[in-house]
Amino acid sequence: MTLLAHDRYCDEIAHQVVLLRSVVTSGADLSATVPTCPDWSLEELVRHTGGALRWVELMVRTRAQEEVPEEQVPGVEGPGARGDATALDAWLAQAGEQLVAALREAGPDAKVWGWAGILSAGFWARRMTHEITVHRADATLAAGLPYEAAPDVAADAIDEWLQIVEYAQRTDPHDEAARELRGPGRSIHLHATDSGPELNAEWLVELTEDGVTWRRAHEKAAVALRGPLTSVLLAFYRRLPLDAPELEVLGERELLEFWLERATFG
C-alpha cells in the first residue's frame, strides 16, 4: 500500500470542496432527505461536512495533542439562516480554504492528535480527503446529480477503510462486531473492472480468526465484488446497493452483506 502525496490530498480536498459547493448552488432542495444518510437533510449533510473541515483545521493549525471538543470550534455549526444556499456556499468555501492552508503549512509529519493510531497532520489530510469524497456522493444522490471519483482517490479510500477496520480489530479484538466478522474460510475480493494494471485496483480481504488482513491482489475469495472503481467504492461504503446494474457479486453474497453490515465506516 502506498499513500498519495500530501500535496495530492490537499489538492483533492480543495477540489472536492468546489464540487460539493456546486451541489449547494445547483438549485437542489436543501431540505431534501439524503437517501444514504436518512437522518440528515442535504443542508445538514453539508453543515456536518463543513463543520468537520473546521474542526480538523483548528486541530492541525494549533497542533492539538488531544481531541478538541466541537463546541470549541469557531463557526462549526455554519450560518444562522437555514435554507440560504449563498451563505452555506460561502461558509463551506472558507472552511475548505482554511483547512487546505493549515495542512499545507503543517506538512504531513507535524504531530497532531488522531483517532486511528496515526498522530500526524498527514493522517488528517488523508482522512478529510475521503470524508468529503464520500459525503459528496451522499450529496449528489440527494440532489439527483452524477458522481465520479478520481481513480487514485477512490482506490486510496478503500485502502484507508480497510486499514482502519484492521486497526479497530487489532486494538479491540473482543468487540462483538469484530468477533462476528472473523471465521475460517471468510474472504472477500474487490475487483475494479475499469482500471489498468498501473493502479492495481484489486483487493483481497481475509477475515481470519486472528483478525482482518488485506492486500492489493488478484486472488480467489469466497465472494467477489466486481464493477467500475467508483461503483465498487460506493458499494463498499454502503452508498450503492449490491444489486446495482453495474455491479456483479460472485460467490457467497451473504458474507459480503455481513461484512458491510458489521464493518461500515464513513
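Visitor: How do the axes of helix 1 and helix 4 cross, and within what distance do they come?

Guide: The axes of helix 1 (residues 6-24) and helix 4 (residues 121-143) come within 9 Å and cross at roughly 25 degrees. Axes are lines fitted to C-alpha atoms, for helices over the stretch in contact, and angles run from 0 to 180 degrees between N-to-C directions. Helices (H or I, at least four residues) and strands (E, at least two) are DSSP runs, numbered from the N terminus. This is a predicted model, in which local features need pLDDT of at least 70 and side-chain atom pairs count only at pLDDT 80 or more, while totals for chains, interfaces and linings use all residues. Residues are numbered from 1 along each chain as its sequence is written, and side-chain values use heavy atoms, with hydrogens and water left out.

Visitor: Are helix 1 and helix 4 roughly parallel or antiparallel?

Guide: Helix 1 and helix 4 are therefore roughly parallel to each other. Angles under 35 degrees count as roughly parallel, over 145 as roughly antiparallel, 65 to 115 as roughly perpendicular and the rest as oblique.

Visitor: Which residue classes make up the contact of helix 1 with helix 4?

Guide: Twelve nonpolar, seven polar and three charged residues take part. Ala, Val, Leu, Ile, Met, Phe, Trp, Tyr, Cys and Pro count as nonpolar, Asp, Glu, Lys and Arg as charged, and the others, Gly among them, as polar.

Visitor: And how do helix 1 and helix 3 pack?

Guide: Helix 1 and helix 3 pack at an angle of about 180 degrees, their axes being 10 Å apart. The two helices are therefore roughly antiparallel to each other. Residues of helix 1 in this packing include Ile 13, Val 17 and Leu 20, and those of helix 3 include Leu 92, Leu 99 and Leu 103. Contact means heavy atoms within 4.5 Å. By class, this contact has 13 nonpolar, two polar and five charged residues.

Visitor: At what angle do helix 2 and helix 3 cross?

Guide: Their axes cross at roughly 30 degrees and come within 9 Å. Helix 2 and helix 3 are therefore roughly parallel to each other.

Visitor: Let us change topic. What is the strand order in the open sheet?

Guide: The order of the five strands is 5-4-3-6-7, with mixed pairing. Two strands pair if DSSP finds at least two bridges between them. Strands of a sheet pair through backbone hydrogen bonds, either parallel or antiparallel.

Visitor: Which strands lie at the edges?

Guide: Strand 5 (211-216) and strand 7 (248-251) are the edge strands, each pairing on one side only. From one strand to the next, the twist averages 15 degrees.

Visitor: How many bridges link strand 4 and strand 5?

Guide: Strand 4 (residues 202-208) and strand 5 pair over six bridges, in the antiparallel sense. Leu 207 stands opposite Val 212 in strand 5.

Visitor: Which strands does helix 5 touch?

Guide: Helix 5 (residues 151-171) packs on the sheet and touches strand 3 (187-192), strand 4 and strand 5. Its direction makes about 155 degrees with that of strand 5. Helix 7 (residues 229-236) also packs on the sheet, where it touches strand 3, strand 4 and strand 6 (223-227).

Visitor: One more topic: how many aromatic pairs does the structure hold?

Guide: The structure holds nine aromatic pairs. Rings of Phe, Tyr and Trp (its six-membered ring) pair if their centres lie within 6.5 Å; planes under 30 degrees apart count as stacked, over 60 as edge-to-face and the rest as tilted. One of the pairs is formed by Trp 55 and Trp 113, which are edge-to-face, with 6.3 Å centre to centre and 70 degrees between the planes.
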